[in-house]
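Hi everyone, thanks for coming along. I have one structure to walk you through today, so let me put it on the screen and we can look at it together.

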Amino acid sequence: MRLPDFLASGRRRRAASTSPIAAITWPARQYQKDILGFCHDVLGVVPWKKQRELLLMVQDNDWSACASGHRVSKSHSLGIIVLWFYCC
């Protein structure tokens, strides 16, 4: 799988689109300490209560762990975290 040029090279680049996200320079430093803002503004996702707790725990700590059951959006949350990490 090939990374987008702006991720592979580490250079700052603007998204080519007419959407509000197009005005954001990537990597987006404005979301480095705001994973919930990244979810809402960039991904258009509104995480539920436990997801917000997990996302904030990952944002604020170097190591994170949580107990979880079946079908509680673990993969969805991890996808958000991975995108946030690489885009910001």
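Let's start with the order of elements: along the sequence, the pattern reads α-β-β-α-α-α. That makes four helices and two strands in the protein. Please keep in mind that this is a predicted model. The protein has 88 residues, and 27% of them count as buried. If you take the contacts with a separation of 6 or more, 39% come from residues 24 or more positions apart.

Now to the inside. Which residues have the most contacts within the largest nonpolar core? They are Trp26, Tyr31, Phe38 and Cys88, in a core of 15 residues. Helices H2 and H4 each supply at least two residues of this core. As a general reminder, nonpolar side chains in soluble globular proteins tend to be buried together.

Let me zoom in on Tyr31. Leaving aside residues up to four places away in sequence, Tyr31 touches Ile24, Gly37, Phe38, Asp41, Val42, Trp84 and Cys88.

Next, helix H2, which covers residues 35-43. Its buried residues are Ile35, Gly37, Phe38, Cys39 and Val42. And what do the buried residues of H2 pack against? The answer is strand S2, at residues 25-26, together with H3 and H4. Just after H2 comes Gly44, with a positive phi of about 70°.

On to the helix pair, H3 and H4. In general, two packed helices are described by the angle between their axes and the distance between the axes. Here H3 spans residues 49-60 and H4 spans residues 74-87; their axes come within 11 Å and cross at roughly 35°. The crossing is right-handed. On the H3 side, the contact is made by Gln51, Leu54, Leu55, Val58 and Gln59. From H4, the residues are His76, Ser77, Ile80, Ile81 and Trp84. Sorted by class, that contact has six nonpolar residues, four polar ones and no charged ones.

How many salt bridges does a search of the whole structure find? It finds one. The partners are Lys50 and Glu53, with their closest N and O atoms 3.4 Å apart. Both residues sit in H3, three residues apart, or about one turn of the helix. The general point is that an α-helix has 3.6 residues a turn, so residues three or four places apart point the same way.

Last stop, the loop between H3 and H4. Arg71, which lies in the loop, has a positive phi of about 55° although it is not a glycine. Ser73 is found in the loop too, and its phi is positive as well, at about 70°, again without being a glycine. As for accessibility, Arg71 counts as exposed because its value is 83%, while Ser73 is partly exposed at 30%.

Key. Residues numbered from 1 in each chain as written. Predicted model: local features only at pLDDT ≥ 70, side-chain atom pairs only at ≥ 80, totals over all residues. Heavy atoms only, no water. Axes fitted to C-alpha atoms, helices over the stretch in contact; angles between N-to-C directions. Left-handed = near helix turned anticlockwise from the far one by under 90°. Contact = heavy atoms within 4.5 Å. Nonpolar A, V, L, I, M, F, W, Y, C, P; charged D, E, K, R; others polar. Core = buried A, V, L, I, M, F, W, Y, C linked by side-chain atoms within 4.5 Å. Buried < 20%, exposed > 50% of the residue type's maximum accessible area, 1.4 Å probe, protein only. Salt bridge = Lys/Arg side-chain N within 4 Å of Asp/Glu carboxyl O.
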